[in-house]
Structure formats: structure tokens, C-alpha cells
Amino acid sequence: MLKKFIQSLRSPLRRSKHPRSTPEILGNSQHAMRRTQISRNAINVVERLQKAGYQAYLVGGCVRDLLLGLEPKDFDVATSATPEQVRAEFRNARVIGRRFKLVHVHFGREIIEVATFRANHPQGDDDEDSNQASRNESGRILRDNVYGSLEDDAQRRDLTINALYYDPATERVLDYAQGVKDIDNQQIRLIGDPTQRYQEDPVRMLRAVRFAAKLGFSIEKHSAEPIHHLAHLLRDIPSARLFEEVLKLFLSGYGERTFDLLVEYDLLAPLFPASAAALKRDPEYTENLIGLALANTDKRIAEGRPVTPAFLFAAMLWPALPARVAQLQERGMLPIPAMQEAAQSLITEQCQRTAIPKRFSMPIREIWDMQERLPRRQGKRADLLLENPRFRAGYDFLLLREDAGEELDGLGDWWTDYQDANDSERRSMIRDLVAKDDAPDAPRKRRRGGSRRKRGPKTEGASPAGE
Ligand code: ATP
Ligand code: MG
């Protein structure tokens, strides 16, 4: 009994189960954040709200990133003012959202997002007015629109490192959940009881992984452990929200590391069931292809070049295609219709998990269709393909497949040469092709696929096709 009591005192959950109502306060000499690093517009919003008598702070990712010496993606503000009160203070403000309202204050291209302090719905506290439960049977919060105090607001945030508030007037950082300590120790830690917080909103599991990958942090043991058991809860999340989350996971510049963590925590299967099955069936090729696609995407983002969700999804799902095509062919379907049918069913199924908008699903099909057309080069076909607006994406994808270890008889090199060749060289390349096809036992160039970790990527990665 006594032992249990002492253990409970030592438990790392203890500090978060009993939330602090007084924050740790860091004065401006105790942290590295400087006003000059902060968007002028964000400071103006905070100061304006404070002048009007409300509490207002910079909060979340921007404080976390500035403390880490990173450039914030955007600046979020938390305030005691209601959305209507915020809107009344600014001419350039718009209230958005229905489930919970936020205010967007527009300054040219920059948008400062202003959220009213909110509180957690206590468990079992259902909305008496509407007679509706605020949670479903697995504990997921269905409505999250209860306003609260600054202390409440800190406790309902996801990670300790995301619950930091900065007051530009005093240049102080308010830390309600020991987030600064976790930043120092490079730890991702849920606020409160991790299991309950994941049950309330399973997307928090993806957020934990995303920030671990982005910041190079590890997920603290008690926050990591429940993920394996709860990953399946993501199946209940609306597919449109998961599509948005997948883009953040893979198109924020740390996709390769994020993918490895998703696999490690069993989070890939609820997002991409067919890809997870392919990873089991054919681990080396699947890991190579997806890993290379993500490494190239990360590189493009680092270089400030555009990326498209279509190329990403085309790569994520490609390793799942062959087994489906084979199945349909076994049932007597010819190769090309089998491929068409497999592609269609794969995308339709994936949309049930992550609602892929048509403007992306069409180019996925086109990138895949190109893979069927690129080997057929005789006559005028090669030149027609070169003029096709999807050629570049299709060609990049072809190189990706070869780099991942597919044996395609030097097709990628052929297309690389063809693009560089002049007219007469091109004609001769096409003639050689016919001659080679006619020759008995034409020698086949064999190449062995290597590990993505060892081989440098050749492809351009996510190409700007589509967007
Ligand atoms: P970044 O914008 O760099 O991706 P961020 O931390 O600002 O990181 P946002 O998605 O912009 O992430 O969310 C802003 C803040 O809102 C977070 O820092 C966190 O405090 C809170 N938040 C976001 N999503 C959740 C969630 N699902 N549960 C609880 N709090 C959340
Ligand atoms: Mg943000």
C-alpha cells in the first residue's frame, strides 16, 4: 500500500494529472525569445486586445519554435475576448468555423489566428441545453466550444511544448505544463493522462509523431505507450480532417522521418491500410519507394520548390497496386483493364480514410497511367508523350520506381537521353528500339535495387505537376 503510494508520487503522470493553476514565469532574461523575431502584425493584435481590456498572448507553435531558435510557420493568439469582441476591435477580421469559432485577422497575405480561451469538457459533463453528449462512447470529444480561463486554455492544449504563452508587453513566457523543461529535454509529452487525451481526440497521436519528427524529439514513455493500442481510433475521424493531417505529416519537410515513426507506432495502417499491407508483403521495395519519394519531397521543400499531394499519394499507394492487378488478372481480366480497375478501387478505398479531392485524385491516375505508356515509344508515341502535360510527373515517378529497385530495362535512362537528344538522334533512338525488339534474345540490362539509405535519390521527387 505504502509502496504504491510512493510510486504514485514518483509517477511522471502525477504532475500532469494535477494541473498547475499558477504558471512558471520566465522573464525576458530567462529565455531566448525576442520581440524583433515576432511578426509585427501579431504583436499589434495582442497589444490592441490588451488595450481594450482583454487578456491576450501569443501561443502554441510560434512560442515553441522561437524558444527553439526556429522560424515559426505562423503566429497564433489566444485571448479572453469572445470572437465577436475580437471582431469588433479589427476592421480586417473575419469569424470562421462553426464547431468552434475563431477569428482571422488579415494583414495582406498574413493571417493572425485569434482563438478565445477554451476549457476542456470534463468527462461525463453533457450539454444539458441541447441534450447532446459532448463525447462519444470511446471518449472522443464531439464538441469543443466551451470558453474558459487562461488556465483552462493551457490544460486543454495537446502537448506541454504547445501550451506556452508569450506576452509581448512584458516579454514574459507563461508555462503551465512544464513545457520549457520538455523543450530542454527534447521530449514530446501530452498534457494530462495520455490515454484519455488520445481518446478525446485521436489526431493528437498524429500530432505527437509529427512534432517528434519535425523537432527531432523523442516521445516520452507514458505518452508513447498508449499509441499502439489506440491507433485504431483514427478510423473514426472524418476523412476530410485526416486528409489535411496527412498533408501536414508528409508535406512539412520531415516526411521521411515522420513515415518511419508512423510505422513504428502502428499509425500507418489506419491512414493508409493498403500501403501498410504492401509494407508487410514486400517490405524492402515498399519502404524504398515511399522512403525515396518522401526524401525527395523533403529536399524539394528545403529548397523552396513546390510539391504536390498527387505525387505523394501516387507514391504512397503504388506498392499496393501489383497484388490487386494480379488478383484481377487471375480472375481472367486483361492486364490493362486490370490495372485501371485496381487503380480505381485503390483510390476509392483510400478516399474513405483520407478524402482526396478530385483535383488530386485525377493526377494520381494520370501519373500511374503514364507508367503504362512510357514503355511504348514506337513511331510518334515518344514525341506525343513528351508533349503530354503529365510527362514530367510520369517520368519522375518512373525514375523513382527504378531507384526503389524495379527492373525496367533501362527505361528511365532511355527517357533521360531522349529528352536531351536532337531530332536525328531521337529518330535513331526509336529505330534502335524497333531493331532491339526484333532481335532474338535481346540482351536485358539488369539492375539491382539498393537500399534507399545507401543510394542517392535520382528523381526530382514530388513534382509540381497538378498544382
Ligand atoms: P505548427 O503550426 O507549426 O504546425 P502548432 O503547434 O502551431 O504547430 P497548430 O495546428 O497551428 O499547431 O495548432 C495551434 C495550437 O493549438 C497548438 O500549439 C496546440 O496548443 C493547439 N492544438 C492544436 N490541435 C490540437 C488538438 N488536437 N488538441 C489540443 N490542442 C490542439
Ligand atoms: Mg500554428
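The model shown here is predicted. Its secondary structure amounts to 23 helices and 10 strands. Of the 467 residues in the protein, 49% are buried.

**Overall figures**

- Among contacts with a separation of 6 or more, 70% are between residues 24 or more positions apart.
- The protein exposes about 23,100 Å², and 48% of that area is supplied by carbon and sulfur atoms.

**The eight-stranded sheet**

- Eight strands make up an open sheet with mixed pairing, in the order E1-E8-E7-E2-E3-E6-E5-E4.
- Its edge strands are E1 (24-26) and E4, each of which pairs on one side only.
- From one strand to the next, the twist averages 30°.
- Strands of a sheet pair through backbone hydrogen bonds, and the pairing is either parallel or antiparallel.

- Strand E3 (residues 76-79) runs parallel to E6, and four bridges join the two. Thr 79 stands opposite Thr 116 in E6.
- Strand E6 (residues 110-116) is antiparallel to E5, with five bridges between them. One of the residues in E6 is Ile 112, the bridge partner of Val 105.
- E5 and E6 form a hairpin with two residues between the strands. Gly 108, in the turn, has a positive phi of about 60°.
- Strand E5 (residues 102-107) also pairs with strand E4 (residues 93-96), in the antiparallel sense and over four bridges. Here Val 105 in E5 is the bridge partner of Ala 93.
- The hairpin of E4 and E5 has five residues between its strands. Gly 97 in this hairpin takes a positive phi near 85°.

**Nonpolar cores**

- The largest nonpolar core holds 105 residues. Leu 58, Phe 250, Leu 267 and Trp 368 touch the most other members.
- Helix H9 (residues 203-215) gives the largest share of this core, with nine residues.
- Another core, of 17 residues, lies apart from the largest one. Among its members are Phe 391, Leu 398, Leu 399 and Trp 415.

**Leu 328 in helix H17**

- Leu 328 is found in helix H17, which covers residues 321-330.
- Is Leu 328 buried or exposed? Its relative accessible area is 10%, under the 20% cut-off, so Leu 328 counts as buried.
- Which residues does Leu 328 contact, leaving aside neighbours within four places in sequence? They are Met 333, Ala 338, Glu 341 and Ala 342.
- From C-alpha to C-alpha, Leu 328 and Glu 341 are 8.3 Å apart in space, and they are 13 residues apart in sequence.

Notes
Residues numbered from 1 in each chain as written. Chains lettered and ligands numbered in written order. Predicted model: local features only at pLDDT ≥ 70, side-chain atom pairs only at ≥ 80, totals over all residues. Heavy atoms only, no water. Pairing = 2+ DSSP bridges. Axes fitted to C-alpha atoms, helices over the stretch in contact; angles between N-to-C directions. Buried < 20%, exposed > 50% of the residue type's maximum accessible area, 1.4 Å probe, protein only. Contact = heavy atoms within 4.5 Å. Core = buried A, V, L, I, M, F, W, Y, C linked by side-chain atoms within 4.5 Å. Areas by Shrake-Rupley, 256 points an atom, 1.4 Å probe, with all protein chains shown as cover.
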